[in-house]
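This report looks at one predicted model.

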Protein chains: 2
Amino acid sequence: MKLRRRLSEIFFPDDPLHAFKDDQTWFRKLVLVLQFLFPVFKWAPNYSLKLLKSDVVSGLTIASLAIPQGISYAKLANLPPIIGLYSSFVPPLIYSVLGSSRHLAVGPVSIASLVMGTMLSDTVSCTNDPILYLKLAFTATFFAGLFQASLGFLRLGFMIDFLSKATLVGFMAGAAVIVSLQQLKGLLGIVHFTTKMQLVPVLSSVYHHKHEWSWQTIVMGVGFLVLLLTTRKISMRKPKLFWISAAAPLASVVLSTVLVLCLKSKVLDIKTIGHLPKGLNPPSSNMLYFHGPHLALAIKTGIITGILSLTEGIAVGRTFASLKNYQVDGNKEMMAIGLMNMAGSCSSCYVTTGSFSRSAVNYNAGAQTVVSNIIMASAVLITLSFLMPLFYYTPNLILAAIIITAVIGLIDYQAAYKLWKVDKLDFLACLCSFLGVLFISVPIGLAIAVGVSVFKIMLHVTRPNTGVLGNIPGTKIYRNVSRYREAVRVPNFIIITIEAPLYFANSTYLQERILRWIREEEEWLASNKRESIKCVILDMTAVTAIDTSGLDTISELRKTLERRSLKLVLANPVASVMEKLQRSKILESFGLEGLYLTVGEAVDDISSSWKARP
Amino acid sequence: MKLRRRLSEIFFPDDPLHAFKDDQTWFRKLVLVLQFLFPVFKWAPNYSLKLLKSDVVSGLTIASLAIPQGISYAKLANLPPIIGLYSSFVPPLIYSVLGSSRHLAVGPVSIASLVMGTMLSDTVSCTNDPILYLKLAFTATFFAGLFQASLGFLRLGFMIDFLSKATLVGFMAGAAVIVSLQQLKGLLGIVHFTTKMQLVPVLSSVYHHKHEWSWQTIVMGVGFLVLLLTTRKISMRKPKLFWISAAAPLASVVLSTVLVLCLKSKVLDIKTIGHLPKGLNPPSSNMLYFHGPHLALAIKTGIITGILSLTEGIAVGRTFASLKNYQVDGNKEMMAIGLMNMAGSCSSCYVTTGSFSRSAVNYNAGAQTVVSNIIMASAVLITLSFLMPLFYYTPNLILAAIIITAVIGLIDYQAAYKLWKVDKLDFLACLCSFLGVLFISVPIGLAIAVGVSVFKIMLHVTRPNTGVLGNIPGTKIYRNVSRYREAVRVPNFIIITIEAPLYFANSTYLQERILRWIREEEEWLASNKRESIKCVILDMTAVTAIDTSGLDTISELRKTLERRSLKLVLANPVASVMEKLQRSKILESFGLEGLYLTVGEAVDDISSSWKARP
């Protein structure tokens, strides 16, 4: 029974079935089940023309952003540009049925594209063996979806919480720098470029291919980049003008395509996208790759891109949900994103999730429900069916400029500065993941980031705070003497507080530290010729849990102090600790006089007992 | 300044230099430095003839145990038996100068021997390439020593605390089972035996080599095993008779050797140790192997055996130190053990540490100082110089019997039962490491054990306890309503306590869980037609730390509740949390009325302000 409650706290903290009550009719229950599985049933009955109007506006706005970004991000993942458009069509439709966020704009995102591109290119060349590369990309997408859906289904959503915000800030900034530098290929018109993703090879590649630089490309590329960055700046200054930056990418694509078309007889060395096939997503379930030498790579890539895209999707969903004051269920959302990716992998899509930049535009454009995703998908449908030949003359440089503009926002130096100011260790985690991504590799940078975060927790657990308490005169309140100047020590007592659960990882430390507190106090008392200590009180208020090593520590400490004829008393152990003390029979050795509800009670009772028999 | 204090708490919790004061003369300081570096200077000046007498008795007692065990453990590590004797000579001498424990009996131990044997045999065969195997063993010993000494020097001793007692119980029991089964080779007289260490191959090897079983070996082996186990039982029942089990191994060796010698003309198929070279440890620094294909294996083996032997040595030292009420400095002890192993690797010794069984005998035999180690080493010296030919006819079966008797004590089923009763998760960790060692492999079993321990900490951190507090009538004390029946909820308030640091790993969970507490309370109040909640008080007493994600959570929670026109108030944040709240400027958004010293104060103040302006 107790175990069951504990398990339900671990796996069902949000009590997902709380809407179900015993006194409901079976029809009501059926409706609830449907609403639970398909959130679309929750809002569809109340959908109105007014809502539709806002959704159409916002849907078209994000479509104008999604089409150029889709093409660009696919190139970032070393995939054919058309895959980016396919991925902006099927997944949004699936999400609109399963997803519970109203503002998420679904599609390919930069970080996941980058990581997939890096990890697959390390082993398989996308130019020498494009079919295998494509197969691996779809397979990785399938495993990413499977992993995401299982995390949600097994209610292990808390796994993504291990990517702390601090490490994500560093990771994203590092990835953004790398991606931006990689785009120099497009902006400078370099043909032979490294496929590596570290800072050093990318910069040396830029430098060593100076002779390939094309001045026409540079002029045009830098021009559009400045234009895009300016519109971004304007929209950031005045959020009401969000549409300027939202419309800028599509406008730039059109403008640059027209420019190239007009100038093509004169300038020949600007590279363009070229032919894109017309038509909707072809099925790709036959492309999934379930045995062979690269399966491990596909699974690994899938899991890492899965975690990253999940982190982004959930974070975006939660952000906008809290702005509009509704709840997003993390585990259900994971299942939605996972199923969407699994379906995507069978219809020529690669990893997709909720994009932060497009969701922000969606929100600002007044989106009310996921219908905006359907509108966006319809716009992509029209593009795929009729407009593909128009992209023939779109120059690659504009894609590079769009990517740089999109990722530059990921460098959040203000957040890093705030980390530095508030918490030095968090800043260290941030810096480690930034440098790890920049100089080693994306997956290792991520591993370092997680490692530092976990190490930080461990450090707190292994080296918890302890302190000596003193009485605040005139009250029964006891506070740490090193923090509250008015607190005074009680003669004959030393009251030690432990501010952490007592675990195997800190039990040795705590035992030694407590003995050191006592030794230091005794030395001080002796040198000042005061009465020595007779009783040690352990304030257990903040000891929120204890394990068997901790129990041993308490019992050993009592024996050690007894040999030095000091009395050990526990004050205010919490209920779960109390229970374990009882079950391990340590409490018996303490006797009735070894346990008090509060520190004040212990001090009063023990000192009066001394007076009674001096 | 604050960072410095924090770092000194992390790395120097025991304040190792506390004996040094500013007002000492330089001579006194020199003495203290010497005493600090070489504990021998601490006790040598007060050494007396009486102490020497006890030390001689205990030293000879452990020597009689160390010689047969040394030979047996070397065989366990697939090393020539003589290495075991070498390892019982040099390391005890070095430890007696550097070590700070008075009762540690130094020499080879079963677990480290087993692990070294397993890990090296996986790659290099000790029969086909004995020289390389020996080289790798010495190199692994060198790295074990280097690793141990650096842990001590860098004051990272807390790393070994991550092997919790629960996992060690399981690990040791698993290893003991495997080792005992392996000894069936010697006890049954099997010649062709598997070198694998898992349960299944060992048992199948025993079964498939039935035709090699030798009845003479079995009769003699089982006879001596029963004898040894009986003496062990007697000594365990009556600790005063410790000398029976201490003398039994040497007596059995002598007896069995004489038996084989007498019967050698009649029974020929009992395998004996054979020729052992006479003389002291040859230098082996030329055998160290610092480049080549197996270096990584040597380093890995060194680190794992280093950790294991360190864990045993430190634990043994601490146990007897606490029995005799003196302190053992973990980090200095690590340096001593590390230097001893590094020196050992250059003088034909393999990994040594303080052995639990021999230290217990040493303690019971009345050892007073490390001089007993010197006496033991002298006894080994005499053996090495003159008595080696006597071992020619010692049968292998007696070594097997000695090993089984030694390791059977590692199976601590009572401890396992206690774990089951007190803490189910600790028992799970224990079981995992037991089964991991038994069915997979020793290093993986160890990895599983550490993994489970760390996961347990993580689980506690990611899913901390929360609860609703109520007032205990007639007092100002607030306690969890689900644990204290007398606690009653205060109308219009919900007081929520968080029993853990607020970290990135639990901030999302806590936010959702707090909102759920509020939702459930509101639903209950609504269905019972009571007044609804107006104010949420967070009791922060047990929130011992906060990071940037935690700060964001608090601030988001405040905004969310504000939108639902609920007031959020913090009660009793500890000083370090308070400071971070201030630095991140979240406190300003709470204003003066958002923070109280105690829950009681918050309730009184806020409810009186409501009465003032209704």
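Which residue of β7(A) stands opposite Val536(A)? The residue is Leu568(A).

## Basis

This is a predicted model, in which local features need pLDDT of at least 70, side-chain atom pairs count only at pLDDT 80 or more, and totals for chains, interfaces and linings use all residues. Residues are numbered from 1 along each chain as its sequence is written, while chains are lettered from A and ligands numbered from 1 in the order in which they are written.

## Overall fold

Chain A has 26 helices and 8 strands. These are DSSP runs, numbered from the N terminus: helices are H or I with at least four residues, strands are E with at least two. Of its 614 residues, 50% count as buried. Buried means 20 or more other C-beta atoms within 10 Å of the residue's own, with C-beta atoms placed from the backbone.

Among contacts in chain A with a separation of 6 or more, 80% join residues 24 or more positions apart. A contact requires C-beta atoms, placed from the backbone, within 7 Å.

## The sheet

Six strands of chain A form an open sheet with mixed pairing, in the order β4-β3-β5-β6-β7-β8. Strands pair if DSSP finds at least two bridges between them. The edges are β4 (478-480) and β8 (595-596) of chain A; each has a single partner strand, so one side of each lacks a neighbour in the sheet. β8(A) pairs with β7(A), residues 567-571, in the parallel sense over 2 bridges. There, Ala571(A) stands opposite Tyr596(A).

Helix α22(A), residues 504-527, packs on the sheet. It touches β3 (466-471), β5 (493-498) and β6 (535-539) of chain A. Its direction makes about 150 degrees with that of β5(A). Axes here are lines fitted to C-alpha atoms, for helices over the stretch in contact; angles run from 0 to 180 degrees between N-to-C directions.

## Strand β6 and its crossovers

β6(A) is largely enclosed by the rest of the structure, because 4 of its 5 residues are buried. It runs parallel to β5(A), joined by 5 bridges. Ile494(A) has Val536(A) as its bridge partner in β6(A). The chain goes from β5(A) through α22(A) to β6(A) in a right-handed β-α-β crossover. Right-handed means that, with the strands pointing away from the viewer, the path from the first strand over the helix to the second runs clockwise.

On the other pairing, 5 bridges join β6(A) to β7(A), again parallel. The crossover from β6(A) to β7(A) passes through helix α23(A), residues 548-563, and is right-handed.

## Contact with chain B

How many residues of chain A are in contact with chain B? The count is 57, against 58 residues of chain B. Elements giving two or more residues to this side of chain A include α1 (2-11), α9 (165-182), α21 (442-462), α22 and α23. The side divides into 21 nonpolar, 15 polar and 21 charged residues. Ala, Val, Leu, Ile, Met, Phe, Trp, Tyr, Cys and Pro count as nonpolar, Asp, Glu, Lys and Arg as charged, and the others, Gly among them, as polar.

## Buried positions

Val452(A) lies in helix α21(A). It is buried, with 22 other C-beta atoms within 10 Å. Beyond its neighbours within four places in sequence, Val452(A) is in contact with Thr167(A), Leu428(A), Ala429(A) and Cys432(A). Its C-alpha atom is separated by 8.9 Å from that of Cys430(A), 22 residues apart along the chain.

Technical notes:
Contact = placed C-beta atoms within 7 Å. Buried ≥ 20, exposed ≤ 12 C-beta atoms within 10 Å, placed from the backbone.
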